[in-house]
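Trainee: Please take one part of this model and go through it closely. Then connect it to what surrounds it.

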Amino acid sequence: MGFNNTATYYESLSESTRSEFNDMVLIHRYTNNRINPGHSSREQDETFRANMVPEGDSEIPMVWNSPGGVTGLHFSPNTTLKVKGMSQKESDKFIQMVSKEVFSDKYIYDHWYQQDNDICFFDNSIMCHRRVGSINGRIAYRIPHDYTNLVDEPYQP
């Protein structure tokens with residue numbers, strides 16, 4: 001699995017850029033077959049949609065505090081449509097710029113499983129993930145949960 005550390009990226013930004021990002025709201029839209037082109041089923045697309053963008057054109061803050069108290073970006077290139085208040089052209093340019101910066105090797109960690117049945121947990125609220133290597137024989141279980149046992153109050157960004 002490959003992981004993108006948006007918290008480290010966010011901390012690398014100047015204070016004024018972080019301030020701008022803090023005020024940004026991204027508009028997300030789910031598009032069938034975009035996450036796993038050519039390999040997703042209708043059921044899988046429906047599960048992705050329900051977990052990622054349950055309502056069309058959802059407005060979600062770009063900067064989040066994770067349940068563990070870490071600040072980073074909630075930035076999904078698979079669902080980000082535009083930045084609220086920007087034209088589509090401005091949004092496309094901004095999203096391309098952030099994608100190039102945040103998805104650089106400097107902020108990527110690739111985890112290689114050591115043996116069969118290894119388990120890897122991660123927080124999707126401020127981290128993107130990707131497949132690394134062959135997916136033949138791969139079994140992945142998406143286990144969404146709430147953070148009731150981790151935080152004092154409901155966490156629903």
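**From one loop to the core**

Mentor: S125 is found in the loop between β7 and β8. Helices here are DSSP runs of H or I with at least four residues, strands are E runs of at least two, and both are numbered from the N terminus. S125 counts as buried because its relative accessible area is 6%. Buried means under 20% relative accessible area, exposed over 50%, and partly exposed in between, with a 1.4 Å probe and protein chains only. G72 lies 53 residues away from S125 along the chain, yet their C-alpha atoms are separated by 8.5 Å.

Some ground rules. This is a predicted model, in which local features need pLDDT of at least 70, side-chain atom pairs count only at pLDDT 80 or more, and totals for chains, interfaces and linings use all residues. Residues are numbered from 1 along each chain as its sequence is written, and side-chain values use heavy atoms, with hydrogens and water left out.

Confidence next. pLDDT is the predictor's confidence in each residue, from 0 to 100. The protein averages 81, and 82% of the residues score at least 70. Strand β8 (residues 127-130) has the lowest mean pLDDT among the elements, at 72. Helix α2 (residues 15-22) has the highest, at 96. Where pLDDT is low, the predicted coordinates should not be read in detail.

Now the overall layout. The protein has 4 helices and 8 strands. From the N terminus on, they run β-α-α-β-α-β-β-β-β-α-β-β. Of its 157 residues, 32% are buried.

Move to the core. A nonpolar core is a set of buried Ala, Val, Leu, Ile, Met, Phe, Trp, Tyr and Cys residues joined through side-chain atoms within 4.5 Å. The largest one has 16 residues; Y9, F21, M62, L73, F75, F94 and V98 have the most contacts inside it. Helices α1 (6-12) and α4 (88-102) each supply at least two of its residues. The largest share, 4 residues, comes from α4.

Take F75. Contact means heavy atoms within 4.5 Å. Beyond four places in sequence, the contacts of F75 include M62, I95, V98, F103 and C128. Residues 24 or more positions apart make up 73% of the protein's contacts with a separation of 6 or more.

Then Y9. Y9 and Y107 form an edge-to-face aromatic pair, 5.4 Å centre to centre and 80° between the planes. Rings of Phe, Tyr and Trp (its six-membered ring) pair if their centres lie within 6.5 Å; planes under 30 degrees apart are stacked, over 60 edge-to-face, and the rest tilted. The two partners are 98 residues apart: Y9 in helix α1, Y107 in the loop between α4 and β7 (108-110). Y9 is buried at a relative accessible area of 2%. Y107 is buried too, at 8%.

Last, strand β2 (residues 25-28), which holds H28. H28 counts as buried because its relative accessibility is 1%. Strands pair if DSSP finds at least two bridges between them. β2 runs antiparallel to β3 (residues 58-61), joined by 4 bridges, and antiparallel to β6 (residues 80-83), joined by 3. I27 stands opposite E59 in β3, and its bridge partner in β6 is K82.
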